Number of protein chains: 2
Amino acid sequence: MAAPFRRVAVLGVGLVGGSFALALKRAFPDALVVGWDRPEVLDRARDRGAIDEFSAHLTVACQDADLVYVALPVVGIIEQLPAIAAAAPPAALVTDSGSTKAAICRAAQRAFPSPENFVGGHPVAGREHSGIENADADLFRAAPYALIAPVTAKPVAQSDDRVQRLLAVVEAIGALPVWIDADSHDRLAAYLSHLPQMAAIALAVTVLEGAGEKAASLAGPGLRDTLRLAGSPYGVWTDICRTNSHLAEALDRLRESLEQIRTRLQSEDLRDDFARSNHLYKMLRKLE
Amino acid sequence: MAAPFRRVAVLGVGLVGGSFALALKRAFPDALVVGWDRPEVLDRARDRGAIDEFSAHLTVACQDADLVYVALPVVGIIEQLPAIAAAAPPAALVTDSGSTKAAICRAAQRAFPSPENFVGGHPVAGREHSGIENADADLFRAAPYALIAPVTAKPVAQSDDRVQRLLAVVEAIGALPVWIDADSHDRLAAYLSHLPQMAAIALAVTVLEGAGEKAASLAGPGLRDTLRLAGSPYGVWTDICRTNSHLAEALDRLRESLEQIRTRLQSEDLRDDFARSNHLYKMLRKLE
């Protein structure tokens, strides 16, 4: 199958951008990938075969591209969008991989002359360790890939041919596309990803305060598994915390659930909380 | 090495009792294990080679035993202790595997004529699935095993010879003995085990309320791992919730940590919460 985009600029060649480049080149050997990042990252990305060309200048990297894939932290995407809109050819489609979508899509509306130049995206895939070293062509396999419908009167199916080609790329790299609007995405991401992260941080802080250094000698495997996200670095979450407007409410609701459990510790009513929790557990493992 | 105890009564032959019996018999082939449980459990325990003899009558099962190992739910242990104290030979040592220790040790003080007849214990090991079917001679390997010092004026090292022999058994089954008082145990267990469990239930309930059935289609692997404990059944936790007096305070402190994180979402101060959390993560993996 011929590459849906012949020349692809990948802006930010870390874990996500690097994995996208590797997956794209595996699916479409005739696609040419141009990288833009810090010089040492570009060197490593080239050594790993993720990129064919590179430039330290955003304008040069975007030249003649028909797809621009922006894989920077959320605030970095928002800051660079005006420059990207200026550098990308008018026929190019610009998409991104940011973890929150409302702020980015608002910035894109301001930056691009036509709403059809930009389609927001969010591959729901990640690793504990970031960077091009950990990039993997299989990162997106079987993972949901949120796509934000362009703000036009036309339904997605009838939209711009470029959007259909982006969809073909998402499917070719093994991901499961899910069309959703930006605000609904952020609300779902708050509950499914950002709240669990903050809950892990809060639990770790509380355990450390309550049990101190004895935590290591008396903890069982349950705590270690539950706190897998507690190892995630602040830098990965800074922008998400600042741009997901639903996260504060999700934290409030978690505190309410904890308060309810506290009042039910001596009561049979707690059985209901466990039943709902067991249901979600099975749902996440597709057992029911 | 000759068995420190020749005849061992195991009261409750589920995951923990069955695993203890299997591990004991592997370490000391000359030890004879007598099981007490429901008839169908005893049949399966005998088929698995965990017990040599069994009885449906507690008095018969305890006859001539020199160690009585009580592996029932916490409230079951408390309820049976008077009958066990009456049935066990005066020379026998009684120990248990309950997940909270203060209420059990108070009940033992009331039930036994001498405080040296009973030593509380808590193997910090478990599985997602309970029952004799999942019993495993390696369950306790490299896992902490809390032992509650008997309430006597003598330090543990000079205490009753039976206590030294129990210690030898704990070490022989591969566990790491940790001497601790009952209240400190319950406080640590609240933070290291019972709070993480309740946090997983609260998070699951909140995620299900906030994201509904869409949780399954847009969730990533982080949520699934974080909610591993959410699959635990209510029955395993009922007694723990009712008997750990530190759990309510631990839940309050978790709510305070969440409140702090909420106020810091837009602030660099959040870096400090991540730093402490990252520290615990590494500690639990012995990386620092």
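## Aromatic pairs

B:Tyr145 is buried, with a relative accessible area of 1%; buried means under 20% relative accessible area, calculated with a 1.4 Å probe on protein chains only, whereas exposed means over 50% and partly exposed lies in between. B:Phe140 is likewise buried, and its relative accessible area is 1%. The model is predicted: local features need pLDDT of at least 70, side-chain atom pairs count only at pLDDT 80 or more, and totals for chains, interfaces and linings use all residues. Residues are numbered from 1 along each chain as its sequence is written, chains are lettered from A and ligands numbered from 1 in the order in which they are written, and side-chain values use heavy atoms, with hydrogens and water left out.

Over all chains, the structure holds eight aromatic pairs. Rings of Phe, Tyr and Trp (its six-membered ring) pair if their centres lie within 6.5 Å, and planes under 30 degrees apart count as stacked, over 60 as edge-to-face and the rest as tilted. One of the pairs is formed by B:Phe112 and B:Phe118, which are stacked at 5.8 Å centre to centre with 25° between the planes. Both B:Phe112 and B:Phe118 are buried. B:Phe140 and B:Tyr145 form a tilted pair, 6.4 Å centre to centre, with 55° between the planes.

## The sheet of chain A

In chain A, six strands form an open sheet in the order S3-S2-S1-S4-S5-S6, with parallel pairing. Helices (H or I, at least four residues) and strands (E, at least two) are DSSP runs, numbered from the N terminus; two strands pair if DSSP finds at least two bridges between them. Strand S3 (53-54) and strand S6 (118-119) of chain A stand at the edges with a single partner strand each, so one side of each has no neighbour in the sheet.

Strand S4 (residues 67-70) and strand S5 (residues 93-96) of chain A run parallel and are joined by four bridges. A:Leu67 stands opposite A:Leu93 in S5(A). Helix H4 (residues 74-87) of chain A packs on the sheet, touching S1, S2, S4, S5 and S6 of chain A, and its direction makes about 160° with that of S4(A).

## Helix contact between chains

Helix H11 (residues 247-263) of chain A packs against helix H11 (residues 247-263) of chain B at an angle of about 170°, with the axes 10 Å apart. Axes are lines fitted to C-alpha atoms, for helices over the stretch in contact, and angles run from 0 to 180 degrees between N-to-C directions. H11(A) is therefore roughly antiparallel to H11(B), a term for angles over 145 degrees.

Residues in this contact (heavy atoms within 4.5 Å) include A:Leu251 and A:Arg255 of H11(A) and B:Leu251 and B:Arg255 of H11(B).

Key
Parallel < 35°, antiparallel > 145°, perpendicular 65-115°, else oblique.
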